[in-house]
Amino acid sequence: MRARLASSARATAGIVARSQRRSVMAAATPAAFAPSPPNAAVVGVGRRVALAQPPPRFTSGFHLTTSTTRRSASSVLARGLKTGIVGLPNVGKSTLFNAICENGKAQAANFPFCTIEPNVGVVAVPDERLSQLSAISGSLAVVPTSVEFVDIAGLVKGASKGEGLGNQFLANIRECDAVVHVVRCFEDENVIHVSGKVDPREDASVINFELALADYAQVEKRLERIAKGGRSRTKEELAIAELEVAALNRIAAALEEGKAARSVFPLETDDEGVVVNVKALQLLTAKPMIYAANVAESDLADAGASSAAVAAVRELAEATNSRVVVVSAQVEAELRELEPEEASEYLKSLGVESGAGGLTALIKATYGHLGLQTYYTTGEKETRAWTVRVGATAPQAAGVIHTDFEKGFIRAETVAFDDFVRCGGMAKAKEAGKVRLEGKEYVVADADVMNFRFAN
């Protein structure tokens with residue numbers, strides 16, 4: 001039996017269904033969601049839009065993105081990575097947040113909605129390479145890159161319709177670069193479960209379904225705006241509109257089939273305006289997701305390999321192009337109260353290698369899933385880590401430090417981290433012929449140590 005959710009009056013053709021066992025999106029009628037014929041105009045209101053003749057022109061509702069409205073990759077990555085922590089109430093979200101964020105202030109209370117406002121904490125990314133570079137350069141300061149964690153109150157069934165203050169919390173997720181989805185994989189009669197039993201697959205499906213419903217509404221609204229156009233747009237703008245509608249229809253179809261929007265990316269278009277417009281929707285299921293399987297301390301030694309609950313989460317992650325990190329929020333909380341040596345001994349007693357889980361694993365999974373990497377600048381004043389996307393060029397990497405560096409970029413003195421350490425610094429690396437002068441086309445490699453030359 002399926003609980004059917006009819007769309008609004010403006011969205012008469014779209015019907016979304018959810019099964020009792022798992023989340024699915026289903027098309028309402030074949031006619032309403034029929035493939036769009038080529039060379040046609042945008043029509044339809046509040047649903048997956050079909051195209052028909054004759055073509056109207058567009059006024060409001062569609063905008064052609066120009067270079068002045070786009071943010072460069074450099075400007076986006078100049079700030080820290082922002083990651084939202086989501087999950088059902090009482091799965092360990094706030095406990096995990098408190099453990100990994102130095103300024104975590106979330107109430108780890110045993111009842112739903114104990115986190116009303118999203119708690120925000122900025123934590124340094126663990127990076128042993130920084131200390132090595134700093135020691136060689138004799139730096140006065142060490143500045144790691146950072147990740148901003150946002151603890152978002154527990155979502156419940158119906159969040160996309162406002163249940164449990166859901167709309168407010170879904171809006172908070174939209175602002176994040178990635179999502180850490182905490183799933184309860186431990187049994188504890190002292191910690192209540194909102195549905196009465198621990199079922200990782202069903203728990204995850206509740207959250208994923210609410211995220212998908214919210215995305216579906218976003219897509220419908222965008223299609224409505226495009227459909228309300230007038231007759232003042234050029235042929236070029238109309239062509240771009242048709243490309244965007246095609247992309248949105250593909251996303252809607254994926255959501256109806258129970259798939260995440262990320263399954264549609266990269267979009268089948270080279271038009272930058274379309275890509276930017278779709279990304280501007282900040283679709284929740286398009287964001288990279290890392291499942292944090294929150295286990296009992298007894299399941300840490302084998303990274304949850306013997307846990308049926310963790311196996312279910314891994315199966316779900318594989319099907320949704322996501323990643324899994326096994327973590328014990330309670331253990332992480334206890335580690336925060338210990339000195340480094342005591343923490344290391346405690347982990348050994350649990351059969352866990354120091355640095356193998358928790359924050360370090362979350363950061364690595366997030367970085368990898370977002371396609372990010374680190375490069376360094378080092379000297380007597382400071383040694384600093386900088387974040388760039390994999391594939392970033394030298395000028396883009398320079399722009400993360402300051403936009404003037406990118407605009408006036410000339411050359412980048414570059415040496416691999418291992419060569420820098422092996423030679424004992426930049427000067428000796430130059431003597432050994434390990435330092436390269438790289439130009440504007442150079443693609444930055446992970447752990448490059450760089451000095452930039454630029455024109456004022």
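Guide: Gladly! Residues 24 or more positions apart account for 70% of the contacts in the protein with a separation of 6 or more, where a contact means heavy atoms within 4.5 Å. This is a predicted model, in which local features need pLDDT of at least 70 and side-chain atom pairs count only at pLDDT 80 or more, while totals for chains, interfaces and linings use all residues. Residues are numbered from 1 along each chain as its sequence is written, and side-chain values use heavy atoms, with hydrogens and water left out.

Visitor: Why does G92 count as buried?

Guide: Buried means under 20% relative accessible area, exposed means over 50%, and partly exposed is in between, using a 1.4 Å probe and protein chains only. G92 has 14% relative accessibility, so G92 counts as buried. Leaving aside neighbours within four places in sequence, G92 is in contact with V182, N294 and A329.

Visitor: What makes helix α2 mostly covered?

Guide: Six of the eight residues of α2 (93-100) are buried: K93, S94, L96, F97, A99 and I100. Helices here are DSSP runs of H or I with at least four residues, strands are runs of E with at least two, and both are numbered from the N terminus.

Visitor: Why is the pairing of E148 and K82 called a salt bridge?

Guide: The term asks for a side-chain nitrogen of Lys or Arg within 4 Å of a carboxyl oxygen of Asp or Glu. For E148 and K82 the N to O distance is 3.9 Å, and their side chains meet in a salt bridge. E148 lies in strand β8 (residues 146-151) and K82 in strand β5, so the pair ties together parts that are 66 residues apart in sequence.

Visitor: Are E148 and K82 buried or partly exposed?

Guide: E148 has 24% relative accessibility, so E148 counts as partly exposed. K82 has a relative accessible area of 16%, and is therefore buried. K82, E148 and E175 are also linked in a network of salt bridges.

Visitor: What about D419 and R422? Which helix do they lie in?

Guide: Both lie in helix α14 (residues 417-423), three residues apart, about one turn of the helix. An α-helix has 3.6 residues a turn, so residues three or four places apart point the same way. The side chains of D419 and R422 meet in a salt bridge at 2.7 Å, N to O.

Visitor: How do you know that R422 is exposed?

Guide: R422 has a relative accessible area of 59%, so R422 is exposed. D419, at 17% relative accessibility, counts as buried.
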